[in-house]
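Student: Could you help me read a structure step by step? I would like the general idea behind each feature and then the case at hand.

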Amino acid sequence: MAIELSINGQAHSLDVEPDMPLLWAIRDVAGLTGTKYSCGKALCGSCTVHVDGQPMRSCVVPVSSAAGREVTTIEGLSAEGDHPVQVAWRELNVPQCGYCQSGQIMSAVALLERNPKPSDEDIDQAMSGNICRCGTYTRIRAAIHKAAGADS
Amino acid sequence: MKQTGLAGGGLVFALTFTTACQKQAGPPGIAPATASVSPNVYVNIKNNGMVEIVCHRSEMGQGIRTSLPQIIADELEADWDRIELIQALGDTKYASQNTDGSTSIRNQFDILRNAGATARETLIAAAAASWGVPATECVARKHEVHHEASGRSAGYGELVEAATDIETPEQAEFKGRDDWQYIGKPFDTIDGFDFSTGKAVYAADVMLPGMLYASIERCPAFGGTVKAFDDAGARAVAGVVDVIKMPEPTNPPVFNIQGGVAVLATNTWSALKGRSALEIDWDRGRNGEHESVAYRKALEDAAGTSGELRLDRGDVDAAIADAASTHEGVYYAPYIAQAPMEPPAAVAQIGEDGSCDVWACTQDPQTAQANVAGLLGIDKTNVRIHVTLLGGGFGRKSKCDFINEAAWLAKETGKPVQVSWTREDDIRHGYFHAVSAQYFKASLDADGRATGLLHRSCFPSIMSTFNPAAASPAPMELELGATDNPYGFENLRLEAANATAHLRIGWLRSVCNVFHAFGVSGFVDELAHRAGTDPKDYLLQMLLPARKINPADDGAQYGNYGHPLEVHPIDTGRMAAVVEKVAEMSGWGRELPDGRGLGIAVHRSFASYVAAVAEVGVDARGKLVVHELWTAIDAGTTINPDRVKSQMEGAGIFGMSIALHGELTTKDGAVVEGNFDSYPVVRMSETPSAINVHIMDSDAPPGGVGEPGVPPVAPAIVNAYFAATGKRIRELPLRNAGLT
């Protein structure tokens, strides 16, 4: 069965079972491995992508429900890796192991798109679905403020 | 600094693994090299002027891929913008690649400096020879050799041909620290661009043509076996290609495959679906009745009764008998899991010539190489372990069981195989940090001052993973925070009580220091309060006057993390200094809002000293809030202060997870918890408003950085909670006291 969807502006026709979570369609079938598995139960946020601009945990979204929609992954956030969030992440050397950071960045971008100048409380609320075992949370907060252009 | 990928293995994947940081520095329009020379295994000079530096240690977020080249490039006098970083295969031609125990810098600083220095001397000798001048008249400076007297100079690339005829010295003189250009500087992380763009490659990102995805159902109880299984349902799932029974578990487990049934499919989802359709009849085996509540009681009883003597100073029994009063308590900490964000994963492929390539998130590629060679019955020179970036390690990925699984399945199927562990696999089938019970009893004089301490520690030993007869804490484990008790007790006795392991025991970031620091630092805080003394003042009283401790003086065996005590002493003066620093940083003694408290703890581990202060409070719902953390670290000479700071920030969060949440329980031999709902870890919403870090200025030899930040965090929090509420907690996690 072919599921038709757009990923990062490119049309894909994926020959997959409709119940396959979008995460595995993106990784194993479309070959985009920037989006990560870490829990499979929408508990950790590593798999966060945007579907029609909304942040979603792709590990629990069936690929069939993304049919006809526009999916944005970390690879599609910017052509040159220079989205302000990505730039801020590098300026503050946010990542340690880096594994959760695709999901962190996608969640942060979604936050800033709906709330351009979030408070610390806004950030905590929006970002607490994204786990980081390396403990980069204080730098993530600072980087979001930096990307927002606010004083930290 | 550019980075390129593999040395060897010219497969399709090599293209994706080449992480060319086009956005980072590098001269534009540089021509490809046509020749190169390797003065040693860590450095390769190319005739286009680029210098390859080999990183032989695994990157798991500690920043070794940045700090290692900082050291080599500094001694080499190489231009940072003309360095390419190569990740080494597992190969015994390098120094130890076992990236564990916070050893990269403290054990190999001189090896790395020597790699840069001997390469530098080789280039100087090459220039001198080609100019017919003494090498002593030449100097290396920023990617060039100069002969000042004649004004001649040559770039490193130009010297490649001449350098080929030079014999590299074994040893060369190191730069003085005043001449360091890169060492000590907060360089940006090498992999920053890739981390922020999804280009960073981890083990499960490796895709080879024809590769099968494998997911393995393992016995819920450790050491159990498959009695029978029905794979009809699994094979009926679209995408499932095969179902294969894994080799039986071994006792001891070491890093061997521990049985189970593998489902192989054309994609991960089909493998997972197929696996959930398996029907397996298990023999739960020798550990099938392991139940953690009863086991806790057994450990606490053993700790409270008697143990084998491991350290004896003065006469603790007499001190207790003569004491005006005594103080005692039992400290308990449960099994916990490393739970790195990337669960274990490995890809293996057997070539037509029978050689094997593995891509894996391994902390120890040399051991993985030897394991795979043994498993496949081939020479280890035919096993290439390609080390991917690790999505966290914390000790889990030193153990190559998951690599053995992938290699075995690759041989069985004749296809490339990717084995990936689910989160449940990671939580339920790990090498767990040992559950522990510690008994403390102190003798107090009339003023409430402690005159003696008995510490009895009881936990299943890591040695059980290597020796089925191991049933008591090993000296090496007690040395992690028990034997090296730094406090000035006139009478001190350490005992170890026996415990048999029923789960696979391993090591987790800072190992037994986690529970020993919790117990010792918690109990010492209790003694401070018994003495009516401010806890910070009490620590200083018990640590000063400054002295160097040798546990052998008290009859104890002590390996000092592999260092002679002359090089890395147990220096109570350095401990007191970080206590004083963190007290100053946190405003210790200031007036606090109602319901808040400050707690302090200090711990030496892996040859570094860390003191932590936590400010905690209790919110309207009665939940504990960690408002702020301060830490001061003395790690001697450090390489990249921003990476040290980030490790301490991360250790603060990691230690908070241990304090607040981490607990694995068992029933019928099986670990009950399975994912981040039942095994929670700290999230952004619980993160303090600030984690303040101070790195002590020091010329001392480098101490560890990756682990030492962890041990003092949980006791600082527990001590702060006591300060805030008057309630003493002696067991982790605090969730069980209703505080989360």
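Student: How many residues of domain 1 of chain B are in contact with residues of domain 3 of chain B?

Tutor: Before the count, some ground rules: this is a predicted model, in which local features need pLDDT of at least 70 and side-chain atom pairs count only at pLDDT 80 or more, while totals for chains, interfaces and linings use all residues. Residues are numbered from 1 along each chain as its sequence is written, and chains are lettered from A and ligands numbered from 1 in the order in which they are written. A contact means that two C-beta atoms, placed from the backbone, lie within 7 Å. Here 19 residues of domain 1 of chain B touch 18 residues of domain 3 of chain B. On the domain 1 side, helix H2 (64-76) and helix H3 (104-131) of chain B are the elements that give two or more residues; helices (H or I, at least four residues) and strands (E, at least two) are DSSP runs, numbered from the N terminus.

Student: Why does the radius of gyration of chain B agree with a compact globule?

Tutor: The radius is taken over C-alpha atoms, and the globule rule is 2.2 Å times the number of residues to the power 0.38. For 740 residues the rule gives a value near 27 Å, and chain B has 27 Å, so the two agree. The C-alpha trace of chain B spans about 80 × 75 × 50 Å along its principal axes.

Student: Which way do the residues of strand S3 of chain B point?

Tutor: In a regular strand, side chains alternate between the two faces of the sheet. In S3 (residues 43-46), B:Val43 and B:Ile45 point one way, B:Asn44 and B:Lys46 the other, and all are buried, that is, 20 or more other C-beta atoms lie within 10 Å of their own, with C-beta atoms placed from the backbone (12 or fewer is exposed, in between partly exposed).

Student: What does S3(B) form with S2(B)?

Tutor: Strands pair if DSSP finds at least two bridges between them. S2 (residues 36-40) runs antiparallel to S3(B), joined by three bridges, and they form a hairpin with two residues between them. B:Asn40 stands opposite B:Val43.
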